[in-house]
Amino acid sequence: MTTKGFSAVCSVRLILAIYHILKKQNVVHIIACITEENETSRKFHERMGYENVGLFKKIGFKSGKWLDNFWMQKTLCPSDQPKEFVPFSSL
């Protein structure tokens, strides 16, 4: 396995572990804000089950140019009546 492949596997495992904890905390949705030109991050989040829910135009300025940001969302615990949030210290 290449270093890049190893990093990708570690990233996925870490995120899945975080999702597991967030579900125990009764978190319903998680969001990601990604600059439009960061195609690698956007594709990664799509593979992890996020969907595009919005675009903020010219919201950031970096290296002399304006950047648009995508807002992406993933539902962890679908519910019409969310359960009470459980602090990490109570897990």
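The model is a predicted one, so local features need pLDDT of at least 70 and side-chain atom pairs count only at pLDDT 80 or more, while totals for chains, interfaces and linings use all residues. Residues are numbered from 1 along each chain as its sequence is written, and side-chain values use heavy atoms, with hydrogens and water left out.

Strands here are DSSP runs (E, at least two residues), helices are runs of H or I with at least four residues, and both are numbered from the N terminus. Two strands pair if DSSP finds at least two bridges between them.

Glu51 stands opposite Gln73 in β3, and Lys62 has Lys65 as its bridge partner in β3. β2 and β3 form a hairpin with 2 residues between them, and Ser63 in the turn has a positive phi of about 50°.

Next come the aromatic rings, with 2 pairs in the structure. Rings of Phe, Tyr and Trp (its six-membered ring) pair if their centres lie within 6.5 Å; planes under 30 degrees apart count as stacked, over 60 as edge-to-face and the rest as tilted. Phe56 and Trp71 have ring centres 5.7 Å apart and planes at 75°, so this pair is edge-to-face. Phe56 belongs to strand β2 and Trp71 to strand β3, so the pair ties together parts 15 residues apart in sequence. Phe61 and Trp66 are edge-to-face too, because their centres are 5.1 Å apart and their planes stand at 70°. As for exposure, buried means under 20% relative accessible area, exposed over 50%, and partly exposed in between (1.4 Å probe, protein chains only). Phe56 is partly exposed at 41%, as is Trp71 at 27%. Phe61 counts as exposed at 53%, while Trp66 is partly exposed at 48%.

Last is the nonpolar core, meaning a set of buried Ala, Val, Leu, Ile, Met, Phe, Trp, Tyr and Cys residues joined through side-chain atoms within 4.5 Å. The largest one has 13 residues, of which Tyr19, Ile30, Tyr50 and Leu76 touch the most other members. Elements giving two or more residues to this core are α1 (3-24), β1 (29-35) and β3 (65-75), and β1 provides the largest share, 3 residues. Leaving out residues up to four places away in sequence, Tyr50 touches several others, among them Tyr19, Ile30, Ala32 and Met72; contact means heavy atoms within 4.5 Å.
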